[in-house]
Amino acid sequence: MSQTPISDSATPATPSSITRVGVVGLGTMGAGITEVVARSGAHVWAVEATEVDLARGVKTIEGSTSRAVAKGKLSDQERTELLARITFTTSLSDLAEVDLVVEAVPESMEIKSALFAALDEITPAHAILASNTSSLSVTEISVATGRPSQVVGLHFFNPAPVQAFVEIVRTVVSSPEVVDTVAEFARRLGKEPVVVGDKAGFIANALLFGYLNHAVTMYEQKYATREDIDASMRLGCGLPMGPLALLDLIGLDTAYEILDTMYKEGRDRLHAPSPVLKHMVTAGLRGRKSGRGFYTYEAPHSPAVVVDAHTPNTAGEAVATRGIGSVGVVGSGTMATGIAEAFAKAGLDVIYVARSEDKVKAVRGAVEKSLEKAVQRGKLDEAGRDAALARLVGSTKLDDLAKVDLVVEAIVEELSVKLALFENLDEICKPGAILATTTSSLPVVEMAAITSRPQDVVGLHFFNPAAVMKLVEIVSTVATSDDVIATSRELCLRIDKHPVVCADRAGFIVNALLFPYLNDAIRMLEMNYADADDIDLAMKRGCGYPMGPFELLDVVGLDVSLAIQQTLYREFRERGFAPAPRLEHLVTAGYLGRKTGRGFRVYA
Ligand code: 3HC
């Protein structure tokens, strides 16, 4: 660490004066940042260490801008002008006249400190020096220079030309004017800036990487396949990419470094990089950039996934399935109604059982309304609607399920109530009928064990609204037979759902990955590191999430969220899964989210 005293060396650059920008390091991020800055009209000096690395950087930028032209985001003329605004060089001394430098070299304090010391010598006194570090201490980087007040973090998101968000990291010595200048510059690039303190992971990575690491652990433990883990988060939460595909995009070496730094700073076990990450990096499997990571790609840097030895080959599965002609649904709530509709629409005969005639009528009414909407939207014809309704029979007697091939229950989430139902179904249903639960939080094996046919009991976890959401988690207990899994998978495909298979652990795939992330966001709020608006913005703009964590918590309901988090904590005994006190307090106060008009936010 340099012993240079802290001093304000010169009047730093101002927003309007930033026209000449240096970018050092042309890896995935540096190349993207160069493209973004050149696009804004500034001239960029793009520096790499060797001619080979420089040529690779040039290729990345040429490829990305060509794709932007092909997609109509840029005209040919604009592309030519953009490229003409970049001077590619291997000489740092070419940065002698820049107003701002953005550093994007590997995540090593030694490399960054040495670079910043050199930049301090080369660049003019007014130049601002910014680091794109995703987890290293910007304060530590800044003291390698004689102008720490002009050093900030400027953290972009991958792919930098697409993600419209940056985190600006201010240290205890950053000058407020410099921070404002960089924020204004970010806006000129079309990026929404949020200013945060110097803490490993800042906002987005601090929330993202615990979740990504957890997904790697699931994969490592063979809890579910890579395809199923990724599909679960895309289809269950609407994320643009699954966690393992995202890690391949970020780069497994980068991800490892980020997690390692976060772990060393916070000592949170959930940030300790999953061992398989280290093994993959050691073996040269660094993700897209090396052509192989969790998936195999057509070529290094290509986004196109190709078949490899781990690609599931369901065609080769020799397990015979059980024929399913008719199904039963027990329950009359939102989930039961949606599931009954999905089955009937797909051509299955459905008997649904509710507790009263009124509830039987209500379910039918809700399905009629939903099908009518589908007709009006041109998604279903009238004959299809009538046929679906004709296949739907309501009853108040469980005995009417004696002949169905499969029953799904979607009743209240109370173990004693479900156990009583499974005992009854076991007596009523014919031998070989599959008994499924759509529980989201109870162990499926409990329901299996109460019956005389545990091999025929499975979890079929649908998502709300069940008639629309594509994902179904098929939960296999230690007792579930292979043909029940194969039959469930076939049935899901028949009703136009995307099945994923996982073991019987609290939260299955989606909730186990989603809720600890939401809980971490609440903890970040409790620590006053960032406010709810900035946290929501970071996840939406930085990572393409459809909703920020606080928006989502208020929609899901804080009571429901707390119950899921408690279940996860009870099962895994993981300190980091303990519900955030703020969540418990809001529930105690009756602030349950949108449904009560107040949760993390107040609604009109
Ligand atoms: N310039 C301008 N626009 C471009 C472009 C370019 N060079 N390249 C692509 N685009 C546009 C495309 O035209 C498209 O726009 P459209 O939606 O209007 O058609 C849009 O960007 C998306 O591009 P693609 O169609 O090529 O690709 P996808 O739709 O498959 O999306 C993705 C790809 C943007 C990567 C999306 O999957 C995504 O947002 N994933 C999540 C990424 C994420 O989480 N990033 C953050 C990671 S963490 C991080 O970076 C921090 C670091 O410290 C690790």
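Lys222 sits in the loop between helix H7 (204–220) and helix H8 (226–237), where helices are DSSP runs of H or I with at least four residues and strands are E runs of at least two, numbered from the N terminus. Lys222 is not a glycine, yet its phi is positive, at about 55 degrees. This is a predicted model, so local features need pLDDT of at least 70 and side-chain atom pairs count only at pLDDT 80 or more, while totals for chains, interfaces and linings use all residues. Residues are numbered from 1 along each chain as its sequence is written, and side-chain values use heavy atoms, with hydrogens and water left out.

**Layout**

- The protein splits into domain 1 (6–197), domain 2 (204–306), domain 3 (326–503) and domain 4 (510–596), with bounds from an automatic or database domain assignment.
- Between the C-alpha centres of domain 1 and domain 3 there are 54 Å.

- Asp496 is another non-glycine with a positive phi, about 65 degrees.
- You'll find Asp496 in the loop between helix H17 (482–494) and strand E18 (498–503), and at 52% relative accessibility Asp496 counts as exposed.
- Asn158 and Pro159 are joined by a cis peptide bond, with omega about -5 degrees; Pro159 is in the loop between strand E6 (151–155) and strand E7 (165–169).
- The peptide bond from Asn464 to Pro465 is cis too, with omega near -5 degrees, and Pro465 belongs to the loop between strand E16 (457–462) and strand E17 (471–476).

**Salt bridges**

- Side chains of opposite charge can pair when their charged atoms come close.
- Searching the whole structure turns up 29 salt bridges, each being a side-chain nitrogen of Lys or Arg within 4 Å of a carboxyl oxygen of Asp or Glu.
- Lys345 pairs with Glu341 at 3.4 Å, N to O; both lie in helix H12 (residues 334–345), 4 residues apart, or about one turn of the helix.
- In that pair, Lys345 is partly exposed at 35% relative accessible area, whereas Glu341 is buried at 4%.
- Glu413 bridges to Lys418, with the closest N and O atoms 3.2 Å apart; Glu413 is partly exposed at 34% relative accessibility, but Lys418 is buried at 0%.
- Glu551 and Lys540 form a salt bridge whose closest N and O atoms are 3.0 Å apart.
- Glu551 is in helix H20 (residues 549–556) and Lys540 in helix H19 (residues 532–543), so this pair ties together parts that are 11 residues apart in sequence.
- Glu551 is partly exposed at 25% relative accessibility, and Lys540 is partly exposed at 31%.
- Glu48, Asp53 and Arg56 are linked up in a network of salt bridges.

**Positive patch**

- Arg39, Arg67, Lys71 and Lys73 make up a positive surface patch.
- Patch residues have over 30% relative accessible area and no salt bridge, with like charges joined within 9 Å and nonpolar side chains (Val, Leu, Ile, Met, Phe, Trp, Tyr) within 5 Å.
- Lys and Arg count as positive and Asp and Glu as negative, leaving out His and the chain ends; a charge is placed at NZ of Lys, CZ of Arg, CG of Asp or CD of Glu.
- Accessible areas come from the Shrake-Rupley method with a 1.4 Å probe, and for residues only the protein chains shown count as cover.
- Lys71 is in the loop between helix H2 (51–70) and helix H3 (76–84), and at 67% relative accessibility Lys71 counts as exposed.

How values were computed: Buried < 20%, exposed > 50% of the residue type's maximum accessible area, 1.4 Å probe, protein only.
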